[in-house]
Amino acid sequence: MLQLTDISYRYRVDSPWVVDGVSFALARGEIFGLLGPNWAGKSTLMALISGLRRPQQGEIRRAPEVEARGGFALVPQDNAFYPMLSCRENLEFFAGVLGLKGGLLRARLEQAVATAGLGQVMDKRAGECSGGLRRRLNLAIGLVGDPQLLLLDEPTTGVDPQSRSFLLDAVMALRRQGKTIIYTSHYMEEVQRVSDRVAIIDHGRLLCCGSLGELLADTEANPKLKLRTRRAPMADERAVLAAECGLEAEDVDGWLTFAVPAQGRFEDVLATVRRLGLETVGLQAGCRNLEDLFLKHTDRSLRD
Amino acid sequence: MNMLFAVIKKELLAMTRDVHGLLVLFVMPAAFILVMSLALRDTFQPSVSEKMRWQAWDGEHTAESAAFLKRLPPPASGVRIAARGDIERALAAGQIQAGVLIDGGFSKAIADENNTRTLVTVLAEPGTPPPLLAAFRMEVTKALMLERMAVVVKTLTEGDENAPKLNVNGLTNGAKLDFAYRGDTGVGLTAVQQSVPAWLVFAMFFVVIPLSTIFIAEKQLGTFPRLRSLQVPVGVLLAGKVVPFYAVNLAQTGLMIAVGRYGVPLLGGDALRLDVNWLALWAMASAVSLAAIGFALVVAAVARTNEQATTVGGVANILFGAVGGVMVPKLMMPVAMQHLSWCSPMAWGLDGFLDVFVLGARIGGVLLPLGLLLGFSALCLSLAWWRLRDSV
C-alpha cells in the first residue's frame, strides 16, 4: 500500500536531517502506530507521506488506489476546518474540492457522518462545537473522499474519555473496512490498543519497528514488577532490594519498580520483600508496556 | 472547475459569516466620502492665486499676438510647442496645467469693436486647482483687454479714418475668451468628484485586512495544508480568493458612486457628475480591484500572523493613500510630491478614475493606469503563488 525507502528530509541545506533514512512498508488494512517525542520528525514524516513535502533522498511509492484523487487523506492534529461554517458546509466543501457531487456526494457524507457520529450536529457551526465534536468533524472530513490510506495525526488530543473511546472504536471500524491507517499519538495506551505494528522515531531516525509482540519481546526491554509497601523501605533495605532484586526506581506514590532479569522470577522479588519485613499492599506484575519501550528508546529527558 | 466552484462558494459563505468585517469595507469609505466632500468643498472654490505652468500655441505670429502673450505671467520653461496638438499632449502628460491657443485672424479680430469670434482659447487640465485656474483666467482676460486697448489707442493716434470710435464698452466687447477643460465632458474637479474615486480606491485596497486575516487563519488552522494534501493547486486557492473579493470591490464601487451621487447632496454638498464612459469605469474598477487583491494576497502569503498582516497591510495602505493623493489631493501637493505619487498603486487607480469621472475618458484614455494596475496585480499574484507553492 505504501513503501518508504531510505527517506530523508531537512528544511535547510545547513540544518540537520529532520527525517533521516526512514524506511518501512505498510500492508493493506493495517494500522501502523507512529510514536515519537516532540520534534522527533513525526509531522514532517506525515507531510512527506501526504505529498506536502518532497523527500530530498529516498523514495516513496504508493499503491495506485492511494495515488488516485482522494485516495489518501491527512487528518491533521489541528482542527483543520472552517469554524464559521456549519459541520455540513465544511463537509460539503471538502467533498466539493474532491470533485464529489450528486448522489455520490450524499452517500459519502452519510457514511462519514455515521462513522464520526455527527448526525445531530450537522447544522451547528463548527466553531461552536465541543472539543470532542470538533475532533470527530476533523476525522469525518478526512473520510469524505473514502480514502484507502488515512494519516491520523494525534486524532484524540484534547478530548474527553468518551469521545476518545468513540474515536478509537471508529478507527478500528475503519480497519475492518480495509482502510490502511498511520496513527500518531502521545497516548501510548491508544497506540497499543489500535496498532498492528508500531514504529518509534526520534531525531528523525526510526529506532524500532515491528508488531507489538515483537517489540515487547525485545530482550533488552526487561519486564517490570511494580509493588507498593505499607511503609517505605529504609536505606539499608533499599540497598538490599537494589542488589538482589534489581530495584530501579521509587516514585512519589511509593511504588517500587524492579527490572526483573530475564532469568529472574517475580517470586524471588516478593520473597526478598517479605524477608525484609515489608508488607506488600499493591502489585503490578509483568508491566512491560509500550511506554517503557518508548522511554527506553527515547530516554527520559525533557524535549520542550 | 468543480474544485474552483467549491472554493469560491466556501469563500462567499465565510464572508457572509463575518458581517462586521464586511460592513467596515462599505461603511468606512462611505463615511470618508461624505465627510471629505463637505470638508474640502471650499478648498475647491476659487479664492487664491498660485503660480501656473502654462504654454501657448500662436497660430498667427504677429506683433499683436506676441504682445498679448508677453502680458501674461511667464510660461513654463522646457516645454516645446511646435503645433497646436502639442498643447493637448503636454496637458495629458502633466507638463503644463493650461494651454493658450491663438488662432489665425487674431490681430484683425482684436481691432474689431464688433468682433464676435473667439480670440483666445484656454485649455485647462482638470486636475489643476480651481483657484489657480480662476486666477489664470483673470490674467488672460486682463491681457486681452489691455491688448485691445493698445490696438485701439494705436489706431486712434495714427489718425486712421477707419479707426473705431472709443467707448468704454468697446474696450471689452471684442475680447472674447473661450475656456474649456481638456476632454469633452466639461465636468470640473469638485470635492465630491475627487473624494469618491479617492476613497473608493482606498476602500478597495482595504480588502487586505479581511483577506489576509482569512488566509492566515487558514494557514494557522491547518486547512491550507489540508487542502494542499488533497492536491488542490495553489492557483485554485488564490483564484478562490480573487473572485469573491472582486465581487466585493465592485459592490463597493456601486455603493460609493451612489453615496457621491445621492448622499453628499443630502448634506449640502455637490452631487457626483456621472457623464462617464461606463466601460472605462468598469475597467478601472476591475484593475484597481485586481491590484488590491493581489497586494492583499502577497501580504497574506508573506505574513505569519494576523498581527503582522494587519500591521503591514494597514500601514502600507495608509502610505499608499497618503502618497497617492487619497488623503491629500494631488493637486494640493508640491510638484515633487506629485511626481513621487507615481510610486503608489493607489495613485494609478485614482488618476484613472479621475480621467473617467472628470474627463469622460474612454478605455483608450486610461490605458496607462490600467496597464500599471494590471501589471502590479500580475506581479503580486505571481509572488503570492511563488511564496505559497512550497508552503505547508
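**View 1. Where chain B meets chain A.** The contact (heavy atoms within 4.5 Å) draws 31 residues from chain A and 23 from chain B. Between them, the two chains bury about 2,300 Å², 63% of it on carbon and sulfur atoms; buried area here is the accessible area (1.4 Å probe) lost by two parts on being put together, summed over both. On the chain B side, B:R17, B:R226 and B:L230 lose the most area to chain A, together 30% of what that side buries. Please keep in mind that this is a predicted model, with local features needing pLDDT of at least 70 and side-chain atom pairs counting only at pLDDT 80 or more, while totals for chains, interfaces and linings use all residues. Residues are numbered from 1 along each chain as its sequence is written, chains are lettered from A in the order in which they are written, and side-chain values use heavy atoms, leaving out hydrogens and water.

**View 2. Polar pairs across the interface.** Four residue pairs, both partners at pLDDT 80 or more, are in polar contact between chain B and chain A. A polar contact is a pair of N or O atoms within 3.5 Å; within protein, one must be able to donate a hydrogen and the other to accept it, and residues adjacent in sequence count only if both atoms are side-chain atoms.
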